[in-house]
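The sequence and structure are shown first.

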Amino acid sequence: MGGPFDLAGRVALVTGANTGIGQAIAVALAGVGARVALAGRTPATETAAAIDALGSEARIVDADLSTIEPVGRVVEETVAAFGRLDILVNNAGIIRRADFDRFSEEDWDAVIDTNLKSLFFLSQAAARPMVAQGGGKIINIASLLSFQGGIRVPSYAAAKSGVAGVTRAMANELAPRGIQVNAVAPGYIETNNTAALQADETRNRQILERIPAGRWGRAEDIGGAVVFLASSASDYVTGQILAVDGGWLAR
Ligand code: NDP
């Protein structure tokens with residue numbers, strides 16, 4: 001293939017790759033030649049089959065990222081399978097909704113631990129082989145709620161704002177070691193996560209009226225942005241939060 005987006009010879013690790021945005025990211029990276037480790041608590045068998053059909057290689061790695069316990073093993077299994085690690089995509093995430101007065105400590109901790117704490121410690125573990133190889137790319141999946149407060153989702157807004165902050169913090173620390181750290185902030189994307197919103201006729205109409213592009217995003221829209229940030233085309237880009245939102249934040 002060749003060209004600035006070519007990832008032949010590169011190895012990517014994608015979390016939460018069995019469905020939705022993570023699946024589309026893994027397939028997009030494989031589509032430009034990367035071999036991909038698929039880390040998550042549900043085995044990403046469908047994603048692995050799609051990557052196989054593209055003529056690339058996938059490896060399923062068992063990892064429940066609600067704690068940081070598996071992060072070292074996930075990186076070790078990836079390097080053992082493919083010999084290196086060039087790209088980490090921190091995509092796994094959950095959301096919990098509740099009214100302010102009833103928001104529980106459990107819903108606070110679960111969202112912060114999965115969406116933010118594991119992201120940092122997996123990045124720390126992944127940076128070690130990247131530094132030894134002379135560089136790499138870390139791409140975090142943020143959200144519109146990295147910029148806005150949302151409604152009934154305080155721990156998610158806190159976690160995703162934290163993802164923006166830690167993206168910049170890691171970018172500072174790792175730039176001298178040849179690692180670029182960026183985030184993609186998806187707008188409203190059609191996945192299982194947003195199925196209830198799509199099904200609610202009134203909410204769906206309100207959302208569509210608010211999006212300048214006039215449509216929901218597709219998981220593939222996020223895959224394209226991640227390919228850019230994973231490739232040498234973005235070697236001088238670091239610490240950025242790239243919104244892929246059909247113009248939502250521009251309005
Ligand atoms: P899905 O719910 O479809 O997918 C979430 C992924 O995260 C799944 O693979 C899920 O695995 C995985 N995951 C959740 N908890 C854990 C855990 N403890 N350990 C390992 N993996 C876990 O959501 P989306 O594809 O929509 O979201 C992907 C990312 O994009 C998330 O970070 C989300 O916050 C973000 N995002 C999504 C938007 C949207 O509009 N869809 C908008 C903005 C951001 P499992 O299937 O096993 O639960």
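The crossing of α3 and α4 is right-handed (the near helix is turned clockwise from the far one by less than a right angle). The contact, meaning C-beta atoms placed from the backbone within 7 Å, is made by the residues tabulated here.

| Helix | Contact residues |
|---|---|
| α3 | Val71, Gly72, Val74, Val75, Val79 |
| α4 | Ser118, Phe121, Leu122, Ala125, Ala126, Pro129 |

By class, this contact of α3 with α4 has nine nonpolar, two polar and no charged residues. Helix α3 spans residues 71-82 and helix α4 residues 105-133; they pack at an angle of about 40°, with axes 9 Å apart.

The model is predicted: local features need pLDDT of at least 70, side-chain atom pairs count only at pLDDT 80 or more, and totals for chains, interfaces and linings use all residues. Residues are numbered from 1 along each chain as its sequence is written.

For helix α5 (residues 154-174), 21 residues at 1.5 Å a residue should span 30 Å, and the end C-alpha atoms are 30 Å apart, which agrees. Its buried residues (20 or more other C-beta atoms within 10 Å) include Tyr156, Lys160, Val163 and Leu174. The buried residues of α5 pack against α4, β5 (136-141), β6 (179-186) and β7 (241-244).

Arginine 152 lies in the loop between β5 and α5. Its phi is near 65°, a positive value in a residue other than glycine. Arginine 152 is partly exposed, because 14 other C-beta atoms lie within 10 Å (partly exposed falls between 12 or fewer, exposed, and 20 or more, buried).

Technical notes. Axes fitted to C-alpha atoms, helices over the stretch in contact; angles between N-to-C directions. Helix = DSSP H or I, 4+ residues; strand = E, 2+ residues; numbered from the N terminus. Contact = placed C-beta atoms within 7 Å. Nonpolar A, V, L, I, M, F, W, Y, C, P; charged D, E, K, R; others polar. Expected span 1.5 Å × (residues − 1).
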